Amino acid sequence: MNSSFQNNLTSVRFQSFQHNQAVELGYESLFAEKRVLVISIPNIFGTRSPYQLRNFNAELTSFHSMGIDEVYVVSSHTAIVAPWAQAHSLMLGLYDRGQFVKLVAEHFGIDKSEKLLKSTWQYIILVKNGEPEKFWHNPVKENIKLEILRNPQYDFRRLSPDTVKAYLSDCVL
(Lines give C-alpha, C1' and ligand atoms only; values in the text may rest on other atoms or scores of the structure.)
Protein backbone atom coordinates (compact mmCIF):
# COMPACT_ATOMS: atom_id res chain seq x y z
CA MET A 1 0.00 0.00 0.00
CA ASN A 2 1.36 3.42 -0.93
CA SER A 3 1.80 6.07 1.74
CA SER A 4 0.92 9.72 1.28
CA PHE A 5 4.67 10.46 1.07
CA GLN A 6 5.13 8.03 -1.80
CA ASN A 7 1.96 9.24 -3.53
CA ASN A 8 3.12 12.86 -3.29
CA LEU A 9 6.65 11.94 -4.35
CA THR A 10 5.32 10.60 -7.65
CA SER A 11 4.43 14.16 -8.69
CA VAL A 12 7.76 15.76 -7.70
CA ARG A 13 9.95 16.76 -10.64
CA PHE A 14 13.69 17.48 -10.53
CA GLN A 15 15.98 19.16 -13.00
CA SER A 16 19.38 17.66 -13.72
CA PHE A 17 22.02 17.33 -16.39
CA GLN A 18 22.91 14.16 -18.23
CA HIS A 19 25.41 14.12 -21.07
CA ASN A 20 25.60 17.93 -20.84
CA GLN A 21 21.86 18.24 -21.51
CA ALA A 22 19.22 19.57 -19.14
CA VAL A 23 16.68 16.88 -18.27
CA GLU A 24 13.64 16.60 -16.06
CA LEU A 25 13.45 13.50 -13.86
CA GLY A 26 10.70 12.09 -11.69
CA TYR A 27 9.71 9.26 -9.43
CA GLU A 28 10.04 6.38 -11.89
CA SER A 29 13.64 7.07 -12.86
CA LEU A 30 14.85 8.20 -9.43
CA PHE A 31 12.98 6.27 -6.73
CA ALA A 32 10.88 3.40 -8.08
CA GLU A 33 12.19 0.00 -6.99
CA LYS A 34 15.37 1.61 -5.58
CA ARG A 35 16.96 2.32 -2.24
CA VAL A 36 18.47 5.79 -2.54
CA LEU A 37 20.29 8.23 -0.34
CA VAL A 38 19.44 11.91 -0.86
CA ILE A 39 21.90 14.46 0.53
CA SER A 40 20.86 18.09 0.67
CA ILE A 41 23.39 20.75 -0.18
CA PRO A 42 21.33 23.89 0.39
CA ASN A 43 24.10 26.23 -0.67
CA ILE A 44 26.89 25.03 -2.94
CA PHE A 45 28.79 28.21 -2.17
CA GLY A 46 29.01 27.34 1.54
CA THR A 47 32.48 26.73 2.89
CA ARG A 48 31.78 23.11 3.82
CA SER A 49 29.63 22.04 0.85
CA PRO A 50 32.54 20.85 -1.34
CA TYR A 51 33.91 18.81 1.57
CA GLN A 52 30.51 17.24 2.21
CA LEU A 53 30.22 16.30 -1.45
CA ARG A 54 33.76 14.93 -1.57
CA ASN A 55 33.26 12.88 1.61
CA PHE A 56 30.12 11.19 0.30
CA ASN A 57 31.64 10.70 -3.14
CA ALA A 58 34.58 8.85 -1.52
CA GLU A 59 32.14 6.42 0.11
CA LEU A 60 30.01 5.55 -2.93
CA THR A 61 31.49 2.06 -3.23
CA SER A 62 30.78 1.41 0.46
CA PHE A 63 27.21 2.65 0.11
CA HIS A 64 26.61 0.44 -2.92
CA SER A 65 28.00 -2.59 -1.09
CA MET A 66 25.62 -1.82 1.80
CA GLY A 67 22.51 -1.92 -0.37
CA ILE A 68 22.21 1.65 -1.66
CA ASP A 69 21.37 1.79 -5.36
CA GLU A 70 21.90 5.52 -5.93
CA VAL A 71 23.16 8.59 -4.08
CA TYR A 72 21.72 11.95 -5.11
CA VAL A 73 22.77 15.48 -4.19
CA VAL A 74 19.77 17.80 -4.06
CA SER A 75 19.44 21.54 -3.71
CA SER A 76 16.30 23.64 -3.56
CA HIS A 77 18.30 26.85 -3.46
CA THR A 78 20.24 26.82 -6.69
CA ALA A 79 19.69 25.21 -10.08
CA ILE A 80 23.42 24.93 -10.72
CA VAL A 81 23.73 22.06 -8.22
CA ALA A 82 23.33 19.55 -11.06
CA PRO A 83 26.33 20.61 -13.17
CA TRP A 84 28.31 21.40 -9.99
CA ALA A 85 27.76 17.88 -8.62
CA GLN A 86 28.49 16.36 -12.02
CA ALA A 87 31.79 18.24 -12.21
CA HIS A 88 32.89 17.32 -8.68
CA SER A 89 31.54 13.83 -8.03
CA LEU A 90 30.02 10.66 -9.38
CA MET A 91 26.68 11.49 -7.79
CA LEU A 92 23.68 12.80 -9.69
CA GLY A 93 22.87 16.41 -8.82
CA LEU A 94 19.19 17.32 -8.66
CA TYR A 95 17.58 20.72 -8.52
CA ASP A 96 14.34 20.74 -6.58
CA ARG A 97 12.09 23.73 -7.13
CA GLY A 98 10.85 23.31 -3.56
CA GLN A 99 8.48 20.35 -3.97
CA PHE A 100 10.81 17.75 -2.45
CA VAL A 101 12.06 19.85 0.47
CA LYS A 102 8.45 20.77 1.28
CA LEU A 103 7.36 17.12 1.11
CA VAL A 104 10.19 16.00 3.43
CA ALA A 105 9.49 18.85 5.87
CA GLU A 106 5.77 18.09 6.00
CA HIS A 107 6.36 14.36 6.45
CA PHE A 108 8.72 14.89 9.38
CA GLY A 109 6.78 17.76 10.97
CA ILE A 110 9.30 20.53 10.25
CA ASP A 111 7.17 23.67 10.37
CA LYS A 112 9.39 26.37 8.85
CA SER A 113 9.05 28.70 5.91
CA GLU A 114 9.82 27.21 2.51
CA LYS A 115 12.35 29.97 1.88
CA LEU A 116 14.28 29.07 5.04
CA LEU A 117 14.15 25.35 4.27
CA LYS A 118 15.38 25.88 0.71
CA SER A 119 18.27 28.11 1.69
CA THR A 120 19.64 26.57 4.90
CA TRP A 121 18.20 23.14 5.78
CA GLN A 122 20.80 20.39 5.83
CA TYR A 123 19.39 16.87 5.77
CA ILE A 124 19.93 13.34 4.53
CA ILE A 125 17.06 11.01 3.78
CA LEU A 126 17.22 7.33 2.90
CA VAL A 127 14.30 6.41 0.65
CA LYS A 128 13.33 2.85 -0.21
CA ASN A 129 10.93 2.52 -3.15
CA GLY A 130 9.55 5.97 -2.47
CA GLU A 131 9.11 5.46 1.29
CA PRO A 132 11.30 7.24 3.88
CA GLU A 133 13.44 4.70 5.69
CA LYS A 134 15.72 6.95 7.77
CA PHE A 135 16.15 10.68 8.20
CA TRP A 136 18.90 12.84 9.66
CA HIS A 137 18.95 16.64 9.78
CA ASN A 138 20.32 19.73 11.41
CA PRO A 139 17.56 21.77 13.02
CA VAL A 140 16.36 24.84 11.13
CA LYS A 141 16.07 27.86 13.39
CA GLU A 142 14.27 31.06 12.49
CA ASN A 143 16.52 34.12 12.47
CA ILE A 144 19.68 32.03 12.73
CA LYS A 145 22.67 34.30 12.52
CA LEU A 146 24.77 34.13 9.38
CA GLU A 147 27.95 33.64 11.40
CA ILE A 148 26.45 30.48 12.93
CA LEU A 149 25.50 29.13 9.50
CA ARG A 150 29.05 29.74 8.30
CA ASN A 151 30.59 28.12 11.36
CA PRO A 152 32.23 24.82 10.33
CA GLN A 153 30.94 23.22 13.54
CA TYR A 154 27.35 23.81 12.37
CA ASP A 155 27.77 22.83 8.74
CA PHE A 156 26.62 19.26 8.22
CA ARG A 157 26.96 18.39 11.90
CA ARG A 158 26.00 14.72 12.40
CA LEU A 159 25.42 14.38 8.65
CA SER A 160 28.55 12.48 7.69
CA PRO A 161 29.01 9.38 5.58
CA ASP A 162 30.01 7.59 8.81
CA THR A 163 26.59 8.34 10.34
CA VAL A 164 24.86 6.77 7.35
CA LYS A 165 27.24 3.79 7.22
CA ALA A 166 26.69 3.10 10.94
CA TYR A 167 22.93 2.92 10.33
CA LEU A 168 23.33 0.75 7.23
CA SER A 169 25.68 -1.67 8.97
CA ASP A 170 23.01 -2.22 11.64
CA CYS A 171 20.29 -2.91 9.05
CA VAL A 172 19.31 -6.33 7.91
CA LEU A 173 19.19 -6.05 4.13
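E33 is exposed, with a relative accessible area of 69%, where exposed denotes over 50%, buried under 20% and partly exposed the range in between (1.4 Å probe, protein chains only). The model is a predicted one, in which local features need pLDDT of at least 70 and side-chain atom pairs count only at pLDDT 80 or more, whereas totals for chains, interfaces and linings use all residues. Residues are numbered from 1 along each chain as its sequence is written, and side-chain values use heavy atoms, with hydrogens and water left out.

The phi angle of E33 is near 55°, a positive value in a residue other than glycine, and E33 belongs to the loop between helix 2 (27-30) and strand 3 (35-40); helices (H or I, at least four residues) and strands (E, at least two) are DSSP runs, numbered from the N terminus. A positive phi, of about 50°, also occurs at N129, which is not a glycine. N129 lies in the loop between strand 6 (123-128) and strand 7 (131-137) and is partly exposed, with a relative accessible area of 26%.

A polar atom of the D96 side chain lies 2.9 Å from the backbone nitrogen of V101. Leaving aside residues up to four places away in sequence, D96 touches F14, V74, S75, S76 and V101, contact being defined as heavy atoms within 4.5 Å.

Definitions and conventions:
A polar contact is a pair of N or O atoms within 3.5 Å; within protein, one must be able to donate a hydrogen and the other to accept it, and residues adjacent in sequence count only if both atoms are side-chain atoms.
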